[in-house]
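Please find my notes on this model below, as numbered points.

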Amino acid sequence: VQLQASGGGLVQAGGSLRLSCAASGSTLSFNAAGWYRQAPGKQRELVAALSIFGGTTNYADSVKGRFTISRDNAKNTVYLQMNSLKPEDTAVYYCNTGPWRTVVAGTFGSWGQGTLVTVSS
């Protein structure tokens with residue numbers, strides 16, 4: 001499966017963005033999905049994870065209450081709604097899909113192209 005993250009950009013602190021992750025070559029319906037980010041000089045970290053049927057989510061403490069992960073299986077797309085953005089949210093955001101444990105651990109062998117989110121103060 002190929003994943004394409006999009007929707008990043010430059011936004012002021014307090015603003016919102018919605019990221020999209022479109023899958024091709026396979027369906028997202030049978031896998032959990034996750035959003036990750038990597039800030040300059042830091043390791044990639046899990047931001048949000050969503051189970052196959054959407055009944056279970058897992059958010060990083062730093063984004064709880066501000067970010068929401070969702071999926072539209074008909075469109076084969078996963079979204080990340082980001083509200084109340086902070087400068088520390090600045091990073092390249094990636095998406096990936098697979099079994100729940102792999103999504104939560106972020107232990108993927110390959111990653112697609114991410115999308116850059118820059119939050120100005």
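Which residue of β8 is the bridge partner of arginine 71? The partner is valine 78.

1. Basis. This is a predicted model, in which local features need pLDDT of at least 70 and side-chain atom pairs count only at pLDDT 80 or more, while totals for chains, interfaces and linings use all residues. Residues are numbered from 1 along each chain as its sequence is written, and side-chain values use heavy atoms, with hydrogens and water left out.

2. The sheet. Four strands form an open sheet in the order β1-β3-β8-β7, with antiparallel pairing. Strands here are DSSP runs of E, at least two residues long, numbered from the N terminus; two of them pair if DSSP finds at least two bridges between them. β1 (2–6) and β7 (67–72) are the edge strands, each with a single partner, so one side of each has no neighbour in the sheet. On average, neighbouring strands of this sheet are turned by 15 degrees against each other, direction ignored; the axes are lines fitted to C-alpha atoms, and angles in general run from 0 to 180 degrees between N-to-C directions.

3. Strand β8. Antiparallel pairing joins β8 (residues 77–82) to β3 (residues 17–24) through 6 bridges. Of the 6 residues of β8, 5 are buried, so the strand is largely enclosed by the rest of the structure. Buried means under 20% relative accessible area, exposed over 50%, and partly exposed in between (1.4 Å probe, protein chains only).

4. Nonpolar cores. A core is a set of buried Ala, Val, Leu, Ile, Met, Phe, Trp, Tyr and Cys residues joined through side-chain atoms within 4.5 Å. The largest has 28 residues, of which Trp35, Val47, Phe67, Ile69, Leu80, Met82 and Tyr93 touch the most other members. At least two residues each come from β1, β3, β4 (32–38), β5 (45–50), β7, β8, β9 (91–98) and β10 (115–120). β3 gives the largest share, 4 residues. Another core, of 6 residues, lies apart from it and includes Tyr36, Leu46, Ala49 and Phe108.

5. Positive phi. Most residues other than glycine have a negative phi. Asparagine 76 has a positive phi near 55 degrees, in a hairpin of β7 and β8 with 4 residues between the strands. Asparagine 76 is buried, at 15% relative accessible area. Serine 84 likewise has a positive phi, of about 50 degrees, and sits in the loop between β8 and β9. Serine 84 is partly exposed, at 40% relative accessibility.

6. Salt bridges. The whole structure has 4 salt bridges, each being a side-chain nitrogen of Lys or Arg within 4 Å of a carboxyl oxygen of Asp or Glu. Glutamate 45 and arginine 37 meet at 2.8 Å, N to O; glutamate 45 is partly exposed at 34%, whereas arginine 37 is buried at 6%. Aspartate 61 and lysine 64 form another, with their closest N and O atoms 3.0 Å apart, and both residues are exposed.

7. A linked set. Aspartate 89 bridges to arginine 66 at 2.8 Å between the closest N and O atoms. This pair links distant parts of the chain, 23 residues apart: aspartate 89 lies in the loop between β8 and β9, arginine 66 in the loop between β6 (57–59) and β7. Both are buried. Through shared partners, salt bridges join Arg37, Glu45, Arg66 and Asp89 into one network.
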